[in-house]
Amino acid sequence: MFTLLSIGFLLFSKSQLLLSKVLFYLTILIQTLALILYGSRIGYILLFLIILIHFFKNLLSKEETNRIRYVLIYSIGLSILFLISFNIPIVKERFLYTIGYKYDYKFNNKEFIKHNSPEELGRLLLWQDAADLIKENPFLGYGTGATRDVLLQKYKKEDHTLFLEKRFNAHNSYLELLLSGGIILLISYLAILLVLFLKSVRKKDYVLFSFALIITITSITESLFIAQGILFISFFYCFFLIKINE
């Protein structure tokens with residue numbers, strides 16, 4: 001998340017930075033390669049979206065005669081980046097799983113998770129367990145601080161040994177909020193995200209839009225209200241809140 005926001009800041013605040021062109025592009029390149037090597041599919045999606053927003057923002061500001069050249073340069077650059085990325089084993093594997101080339105993903109197989117200990121986690125099963133609990137108490141949830149306990153009880157009941165041993169959370173912020181405080185807490189979070197998007201569009205603040213986009217999409221596969229996630233959200237939310245009210 002920090003790397004993605006940094007890339008967004010560099011792309012959309014270039015004119016405000018006291019960086020030479022060489023240092024600017026070198027920084028972008030290093031951070032992009034670092035993000036690719038993380039092996040996060042959500043990271044790849046967000047990187048693509050941020051680059052796409054930057055592309056259209058600049059395309060609209062170009063003179064008509066320069067637009068074709070701009071599109072060609074951007075297309076060639078993205079093609080080279082994709083070819084390089086696709087030759088990195090972890091990137092290729094995750095991409096093929098995502099598009100369904102190897103649909104029998106072992107980490108989402110119930111029997112595999114019961115009797116084995118893979119390095120990765122089966123998010124689909126985690127979400128299924130969380131959803132079952134939410135159906136039992138959708139309006140008020142189970143209370144803050146109790147989410148992990150009820151999830152562990154569910155893992156034990158379903159015989160999801162791996163999840164129980166690793167003490168996994170739901171790996172989805174929206175489900176975590178429903179488990180903690182029910183629909184009311186989830187609506188509050190969605191309202192905050194909506195305000196961020198509206199503010200960013202109204203003020204044409206692309207960095208703020210990138211921040212809102214990052215936490216909205218990352219919330220699908222990660223529980224952000226623990227460890228680095230809560231630090232990221234709380235710090236930059238306060239930072240942008242001060243910035244947009246100046």
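This is a chat about the predicted model shown above.

Trainee: What percentage of the residues is buried?

Mentor: Buried residues are 40% of the 246 in the chain.

Trainee: What about contacts? What share comes from residues 24 or more positions apart?

Mentor: They account for 62%. That is out of the contacts in the chain with a separation of 6 or more.

Trainee: Switching to salt bridges. How many are there?

Mentor: The count comes to 2. In one, Lys154 pairs with Asp132, and the closest N and O atoms are 3.5 Å apart.

Trainee: Which parts does that pair tie together?

Mentor: Lys154 is in helix 8, residues 147-158, and Asp132 is in helix 7, residues 123-136. So the pair ties together parts that are 22 residues apart in sequence.

Trainee: Is Lys154 buried or exposed?

Mentor: Lys154 has 8% relative accessibility, so it counts as buried. The cut-off for buried is under 20%. Asp132 has 23%, so Asp132 counts as partly exposed.

Trainee: Which side chains meet in the other bridge?

Mentor: Those of Lys154 and Glu158, at 2.9 Å from N to O. The two residues are 4 apart in helix 8, so about one helical turn separates them. Glu158 counts as partly exposed because its relative accessibility is 29%.

Trainee: Lys154 turns up again. Which residues are joined into one network?

Mentor: Asp132, Lys154 and Glu158. Salt bridges that share partners join them.

Trainee: New topic, helix 11. How many residues does it have, and what does it span?

Mentor: Helix 11 covers residues 206-218, which is 13 residues. From first C-alpha to last it reaches 18 Å. That is close to the 18 Å expected at 1.5 Å a residue.

Trainee: How many of its residues are buried?

Mentor: 11 of the 13, so helix 11 is mostly covered, with buried meaning under 20% relative accessible area. Among the buried ones are Val207, Leu208, Phe211 and Ile214. The polar residues Ser210, Thr216 and Thr218 are buried too.

Trainee: What happens at the start of that helix?

Mentor: A side-chain oxygen of Asp205 reaches to within 3.2 Å of the backbone nitrogen of Val207.

Trainee: Now the surface. Which residues make the nonpolar patch?

Mentor: Phe2, Phe225, Ile230, Leu231, Phe235 and Phe239. The patch is about 560 Å².

Trainee: Where does the largest share come from?

Mentor: From helix 12, residues 227-244, which supplies 4 residues. Phe235 is found in that helix.

Trainee: Last one, Ser180. Where is its place?

Mentor: In helix 10, residues 173-202. Ser180 has 14% relative accessibility, so it counts as buried.

Trainee: What does Ser180 touch?

Mentor: Leave out residues up to four places away in sequence. Ser180 then touches Leu140, Gly141, Tyr142, Gly143, Thr144, Thr147 and Leu185.

Methods:
Residues numbered from 1 in each chain as written. Predicted model: local features only at pLDDT ≥ 70, side-chain atom pairs only at ≥ 80, totals over all residues. Heavy atoms only, no water. Expected span 1.5 Å × (residues − 1). Buried < 20%, exposed > 50% of the residue type's maximum accessible area, 1.4 Å probe, protein only. Polar contact = N/O pair within 3.5 Å; in protein donor to acceptor, adjacent residues only side chain to side chain. Patch = residues over 30% accessible without salt bridge, like charges linked within 9 Å, V, L, I, M, F, W, Y side chains within 5 Å. Areas by Shrake-Rupley, 256 points an atom, 1.4 Å probe, with all protein chains shown as cover. Salt bridge = Lys/Arg side-chain N within 4 Å of Asp/Glu carboxyl O. Contact = heavy atoms within 4.5 Å.
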